[in-house]
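Here are some friendly notes to read alongside the model. Please keep the sequence and the 3D view open, and find each residue as it comes up.

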Amino acid sequence: MTGPAVEAAFLRLAARLVELDDTGTTWPCRNRGDLWYSDDADERAAAAELCAPCPALDECGRYAAAARERHGVWAGRDRTPCRRKENDR
Ligand code: SF4
């Protein structure tokens with residue numbers, strides 16, 4: 001999803017991450033895309049728990065909600081849609 005609200009939320013998140021970087025503060029998903037965007041739901045669940053202390057949690061959650069992100073973990077929530085198992089069909 002795109003639009004002015006999404007862009008504004010994205011810019012707020014980006015600004016927050018730049019601010020953290022400028023002050024030498026890291027955040028849990030930094031350089032951990034392998035876990036946050038894993039194809040394995042258990043790994044994404046682990047990533048979601050690791051978000052808890054993130055100093056950008058609010059901005060991240062607002063962006064993900066505005067953009068209706070549907071891939072990976074954002075602000076402690078796995079937004080990847082559940083896939084039905086082959087046997088469930
Ligand atoms: S809250 Fe967002 S920015 Fe922070 S670790 Fe989680 S996914 Fe990354």
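What covers the buried residues of helix 4? The cover includes helix 1 and strand 1. Before the details, two remarks on how to read this note. This is a predicted model, where local features need pLDDT of at least 70 and side-chain atom pairs count only at pLDDT 80 or more, while totals for chains, interfaces and linings use all residues. Residues are numbered from 1 along each chain as its sequence is written, and side-chain values use heavy atoms, with hydrogens and water left out.

1. **The overall plan.** The protein chain has four helices and two strands, in the order α-α-α-α-β-β from the N terminus. Helices (H or I, at least four residues) and strands (E, at least two) are DSSP runs, numbered from the N terminus. The C-alpha trace spans about 50 × 30 × 15 Å along its principal axes.

2. Of the 89 residues, 28% count as buried. Buried means under 20% relative accessible area, exposed means over 50%, and partly exposed is in between (1.4 Å probe, protein chains only). The protein chain exposes about 6,200 Å², and carbon and sulfur atoms supply 50% of that area. These areas come from the Shrake-Rupley method with a 1.4 Å probe; for residues, only the protein chains shown count as cover.

3. **Contacts along the chain.** A contact means heavy atoms within 4.5 Å. Take the contacts between residues at least 6 apart in sequence: 53% of them join residues at least 24 apart.

4. **Helix 4.** Look for Cys60, Tyr63, Ala64 and Ala67, the buried residues of helix 4 (57-67). Seen down the helix axis, they fall within an arc of 95°, so they line one face of the helix. The arc is that of the directions from the helix axis to the C-beta atoms. Just after helix 4, Arg68 takes a positive phi of about 50°.

5. **Helix 3.** Which residues are buried in helix 3 (residues 41-50)? They are Arg44, Ala47 and Ala48. On the face turned away from the buried side you will find the exposed residues Asp42 and Glu49.

6. **Gly72 and Tyr37.** Gly72 lies in the loop between helix 4 and strand 1 and is buried, with a relative accessible area of 1%. Leaving out residues up to four places away in sequence, Gly72 touches Trp36, Tyr37, Arg44, Arg77, Asp78, Arg79 and Thr80. Gly72 and Ser38 are 34 residues apart in sequence, and their C-alpha atoms are 7.2 Å apart in space. Tyr37 sits in the loop between helix 2 and helix 3 and counts as partly exposed, at 34% relative accessibility.

7. **Two positive phi values in loops.** Asn31, in the loop between helix 1 and helix 2, has a phi near 60°, a positive value in a residue other than glycine. Ala75, in the loop between strand 1 and strand 2 (77-78), has a positive phi of about 50°. Asn31 is exposed, with a relative accessible area of 73%, whereas Ala75 is partly exposed, at 25%.

8. **The largest pocket.** On a 1 Å grid over the protein atoms alone, a pocket is an open set of points where a 1.4 Å probe fits, with protein on both sides within 12 Å along at least five of seven lines; lining residues have an atom within 4 Å of a point. The largest pocket has a volume of about 230 Å³, and a volume is the space filled by probe spheres set on the points, which are joined across faces, edges and corners. Of its 17 lining residues, Trp27, Cys29, Trp36, Cys60 and Trp74 lie nearest the centre.
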